[in-house]
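Dear colleague,

Please find below the structure that I am handing over to you. My notes on what was found in it follow directly after.

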Amino acid sequence: MAIQGIPGRKADLGEGTAVRRLLPTRGRRLVGPWCFLDHYGPDSVQGPGMALGPHPHIGLQTVSWLFEGEVLHHDSIGSEQLIRPGQLNLMTSARGIAHSEESPSAHGPRLHGVQLWVALPESARHGAPAFEHIAELPQAGFDALRATVLMGSVGEAASPARTFSPMMGAELVGDRDGVSRIPLDPAFEHAVALVWGRAAIGELPVEVGVIYTLPAGGTFLELRMEKGSKVMLLGGAPFPEPILMWWNFVARTPEEMLEARVDWMAGRRFGAVDDALPVIPAPPLDPAMLRLRR
Ligand code: MN
């Protein structure tokens, strides 16, 4: 199996928060419909912690997943939801939603997680926004590891989370040192990201901060993990629609992007978030900078 390791880059979210951006990278834009992957922490959160004020999204689902700590979500359709490790916050922006994410006033000493986006297909991207919180997700054991299924399915274990194109996402944790075989859908391309500990794909040792991509056609993933190590496994059918990504938006044309930006700055379309944090303004947009990503 042709595995490609692509180093992520450090992205600065402001206020000294540095993250590892694993998607998109120079080498890779999409893995199935997955179009964005930030891995943050583990960080000490002695002070206020995460404080991401209201900002908009279009054309995507946000998938919030924690390994340590807590994050409080508010959105413009009235959702207020704390998430903890092992729980899923899934926000389907469709034509437009705004949200904020912050550390709750009483929070643990560390924060460690991933923020993921899924591109919505044409059939779903113009619909109404939605939010779901899933506190209990299905788990399945494979040899020396345990998989928690966020999206789609792994073997017989299927997540109830709403998806709009063929895809999967799971957290894999080593129960003990050993080699495990995880079944894959051969129609899917996949990506592996180590977030904690030590692991190897077959004989290839993997590093934190690098995304390892596997082409479609594989029927299983052979993963060596040390006990307690954690890996994110993402996959999906190659996304058939060329997408544009800019700021917090996924669209198809520069005109759509400009319209969403204007609507956010004018206080239209996205609604208001009940949160005291300052609203995040859209950066300037030069349509010539937008390129279709396939
Ligand atoms: Mn967001």
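A94 is buried, with a relative accessible area of 1%. In this predicted model, A94 sits in the loop between β9 (88-92) and β10, and its phi is positive, at about 45°, although the residue is not a glycine. A second case is D143, a residue other than glycine whose phi is near 55°. D143 belongs to the loop between β13 and β14 (145-151). In contrast to the buried A94, D143 counts as exposed, at 52% relative accessibility. As background, most residues other than glycine have a negative phi, and most peptide bonds are trans.

The bond from L23 to P24 is cis, with omega near -15°, and P24 is placed in the loop between β3 (18-23) and β4 (34-44). The bond from G41 to P42 is likewise cis, with omega near 5°; P42, however, is located in strand β4.

I turn next to the metal site. Which residues coordinate the manganese ion? The ligands are H55, H57 and H99, each through NE2, at 2.1 to 2.2 Å. Their spacing in sequence is H-x1-H-x41-H. H57 lies in strand β5 (residues 51-57) and H99 in strand β10 (residues 97-102), so this pair ties together parts of the chain that are 42 residues apart in sequence. Both H57 and H99 are buried.

The model also contains an open sheet of 7 strands, in the order β1-β22-β19-β24-β17-β14-β13, with antiparallel pairing. Its edge strands are β1 (4-7) and β13 (139-142), each of which pairs on one side only. Direction ignored, neighbouring strands of the sheet are turned by 25° against each other on average. At one end, β1 is joined to strand β22 (residues 210-214) by 4 bridges, the two strands running antiparallel; Q4 has T213 in β22 as its bridge partner.

How many residues of strand β17 (residues 167-174) are buried? The count is 8 of 8. In a regular strand the side chains alternate between the two faces of the sheet. For β17, both faces are covered: M167, G169, E171 and V173 are buried on one side, and M168, A170, L172 and G174 on the other. On the β14 side, 6 bridges join the two antiparallel strands, and L145 has G174 in β17 as its bridge partner. Towards strand β24 (residues 230-236), β17 pairs in the antiparallel sense over 7 bridges; here E171 is partnered with M232.

Finally, I draw your attention to the second largest pocket, which holds about 200 Å³ of space. Its lining consists of R198, A199, A200, G202, E203, P205, V206, E207, R224, M225 and E226. By class, these are 5 nonpolar, 1 polar and 5 charged residues. At least two lining residues come from each of β20 (199-201), β21 (204-206) and β23 (220-225).

With kind regards

Definitions and conventions
Residues are numbered from 1 along each chain as its sequence is written. This is a predicted model: local features need pLDDT of at least 70, side-chain atom pairs count only at pLDDT 80 or more; totals for chains, interfaces and linings use all residues. Side-chain values use heavy atoms; hydrogens and water are left out. Donors are N, O and S atoms within 2.8 Å of the metal (3.2 Å for Na, K and Ca); water is not among the atoms, so sites may look incomplete. Buried means under 20% relative accessible area, exposed over 50%, partly exposed in between (1.4 Å probe, protein chains only). Two strands pair if DSSP finds at least two bridges between them. Axes are lines fitted to C-alpha atoms, for helices over the stretch in contact, and angles run from 0 to 180 degrees between N-to-C directions. On a 1 Å grid over the protein atoms alone, a cavity is a set of points where a 1.4 Å probe fits but cannot get out, and a pocket is an open set with protein on both sides within 12 Å along at least five of seven lines; lining residues have an atom within 4 Å of a point. Grid points are joined across faces, edges and corners, and a volume is the space filled by probe spheres set on the points. Ala, Val, Leu, Ile, Met, Phe, Trp, Tyr, Cys and Pro count as nonpolar, Asp, Glu, Lys and Arg as charged, and the others, Gly among them, as polar.
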